Amino acid sequence: MRIENRYSALTLLCWILWILPSCQKAGEDELPEQANLEFRFHPLMQGTPISFDQTYTLPNAERFEPRVFKFYSGQITGQRVGGGTINSTGDPYYLADAAQPASLIIKTRIPAGSYQSFQFLLGVDSARNVSGVQSGALDPLQGMFWTWNSGYIFAKLEGRSPDATTPNNMVEYHIGGFRIPYNAAQTISLPVSGAAQLKAGQTLVVDIDVELEKWFTGPYPLSIASNAVSMTPGELAWNISRNFSGLFTVTQSSVEE
């Protein structure tokens, strides 16, 4: 009896050692092959790279000298050819700063496949607005956080204008707010010309112009003379955020090895 029990245990052990690698390999095969996605943002004013020491004349004849431009992007998704949405696996949020060229390049990971467009959230989702102290791009030390009640500044544009009636002609737009009905977070769609076929290990580079003149045009025409400052969540901030989708235009996309 004892010999039979030892034989049975040995048989069971051999069976486990034989089947375990097969199970592991099956699990590995189920994981999608990964590729890379790279967004390159190019801040412009009137079609040329933005200059922080130049005064521009806006379409409504008002003048504006930009000094600061920052915005959050996150929750990047890809829309596959034929349907289906894929989530990226990189950092949840990134902070782009026109004065910091390295911050204008976002790198993340997506499954290999064929893509027709991408989307990202300009802003910060409501849950993270009330999640306490955070790190990385969402660290309050980045200067993009109001209070635990008001949450994050989603986009910041500052400068000067002789058309502003504020002290020192300051123009300050700190746009945010996550509470209904004035949630200023906006989903930005980025269609890719043709279909981007991405193999495992390859990188899809998407160049995106960010035309700041359109901050002042679009669904909500913004006048510096009338509203040179927006520093709190509310109707004005939400109205300005409605212009954000017009800022972004994909100029080209390419696949790199």
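Okay, some ground rules. We're looking at a predicted model, so to speak: local features need pLDDT of at least 70, side-chain atom pairs count only at pLDDT 80 or more, and totals for chains, interfaces and linings use all residues. Residues are numbered from 1 along each chain as its sequence is written, and side-chain values use heavy atoms, with hydrogens and water left out.

Let's start with strand 4, residues 63-80. Strands here are DSSP runs of E with at least two residues, numbered from the N terminus. Buried or exposed? Mostly covered: 13 of the 18 residues in strand 4 are buried. By buried I mean under 20% relative accessible area; exposed is over 50%, and partly exposed sits in between, with a 1.4 Å probe and protein chains only.

Now, which strands pair with strand 4? Two strands pair if DSSP finds at least two bridges between them. Strand 3, residues 56-57, pairs with strand 4 in the antiparallel sense over two bridges, and there Tyr56 stands opposite Phe64. Five residues lie between the strands of that hairpin, and Ala61 takes a positive phi near 75°.

Next comes strand 9, residues 153-160, antiparallel to strand 4 over six bridges. Look for Val68 there, with Glu158 as its bridge partner. Strand 6, residues 93-97, is antiparallel to strand 4 over five bridges, with Ser73 opposite Tyr94. Then strand 8, residues 113-122, also runs antiparallel to strand 4, over six bridges; find Thr77 opposite Gln119.

Gln79 has Thr85 as its bridge partner. These two strands form a hairpin with four residues between them, and Gly82 in the turn has a positive phi of about 90°.

Arg63 meets Asp163 at 3.4 Å, N to O. That pair links distant parts of the chain: Arg63 is in strand 4, Asp163 in the loop between strand 9 and strand 10 (170-176), 100 residues apart. Arg63 is partly exposed, at 36%.

Arg67 and Glu65 meet at 2.9 Å, N to O. Arg67 is partly exposed at 39% relative accessibility, while Glu65 is buried at 18%.

Finally, Arg40 and Glu38 meet at 2.6 Å, N to O. Arg40 is partly exposed at 26%, and Glu38 counts as buried at 10%.

Conventions: A salt bridge is a side-chain nitrogen of Lys or Arg within 4 Å of a carboxyl oxygen of Asp or Glu.
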